[in-house]
Amino acid sequence: MLQVKEVSGPAPARGPGILSRSVQVAGELLITAGLILLLFVAWQLWWTNVESDTRQREVVKEFAENLKAPGDPAAQSPADSSLDYGTPAVGAEPADGATIGIIYIPRFGADYTRPIVQGTTPAVLDTLGLGHYPGTSMPGAVGNFAVAGHRQTHGAVLDNIDALTPGDRIYVQTRDGYYVYVFRNSQIVLPSRRDVLLPVPTQPAASPKESYLTMTSCNPRFGSQERIIAYSLLERWQPASAGPPAEIAAQVARAVGEG
Amino acid sequence: MYGWIFRHLPGPLWLRIATALVLLASVLVLMVQYLFPWMSQFTQFTDSTIGSARQP
């Protein structure tokens, strides 16, 4: 590719004129610019996903290993989901960039396992997975547990957010246990609508009585003119000692054991 | 331009081809490490937060 123009042999009287030379250089620069743009598109749409997927698998694995460390024999006995474990345990908000937990969304695939990390800076969202909006509730707390994730590129963690169907279960695993949310509805809003992050989403005056999970992502799929918001409600929780909910036991075992 | 660079690389043909490949690879690495992340701020895919600091 680089030396196509070389066939000119012994240059007759110092080669072609200055004009044709500069035309050639300009042409080569333009071709280079075109190639760089093509490479950029490939990098943005494909390679960032490869990189982020790898990194996020590592984060899930690290988190799972930390869970196992205190000698927790949990993962063996799927719990009876009809048991009521009372008020959910609520962890403290960790430092920016620290892992809060793992999210399982069977609707997105049987092996959909992504980390939830504190913070919504590009550093978090571009490599680590779903980012927790600082200042919003933690999983299980009364109020709004709000997270953001990319629709496209950098892992495309929420690409299928529009496929969620009311009644779909969303499982959040933290150090304390498992929180089972039920998807209720979604909404498409303008990027400036910060009120979707309120303790009762979009209702400034209301005081929360329930635990919400709010996920935000880009809309439309390859644009960012709008945001798609998915709301879910906490259905139940079970402590880590009770093991994972039976429906995701296999998924949890794979995420924790997979290596 | 690229022909000129290739002709001015030192060594026999195989070495010049090797050098050209190494140069090409390092340009690629530099682009992936620095140029592309910088360029991505001008695209619209990566904005998924509400009231975000990042402009589309």
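Author: Strands (E, at least two residues) and helices (H or I, at least four) are DSSP runs, numbered from the N terminus. Two strands pair if DSSP finds at least two bridges between them.

This is a predicted model: local features need pLDDT of at least 70, side-chain atom pairs count only at pLDDT 80 or more, and totals for chains, interfaces and linings use all residues. Residues are numbered from 1 along each chain as its sequence is written, while chains are lettered from A and ligands numbered from 1 in the order in which they are written.

In chain A, eight strands close into a barrel. Their order is 1-2-3-4-7-8-6-5, with mixed pairing.

Take one pairing. Strand 6 (residues 177-189) and strand 8 (residues 226-239) of chain A run antiparallel over 12 bridges. Tyr179(A) has Trp237(A) in strand 8 as its bridge partner.

Helix 1 (residues 18-68) of chain A packs on the sheet. It touches strand 1 (99-104) and strand 2 (113-118) of chain A, and its direction makes about 80° with that of strand 2. Contact here puts C-beta atoms, placed from the backbone, within 7 Å.

Now Ile116(A). Leaving aside neighbours within four places in sequence, its contacts include Ile100(A), Ile103(A), Leu130(A), Val147(A) and Val172(A).

Methods:
Two residues are in contact if their C-beta atoms, placed from the backbone, lie within 7 Å. Axes are lines fitted to C-alpha atoms, for helices over the stretch in contact, and angles run from 0 to 180 degrees between N-to-C directions.
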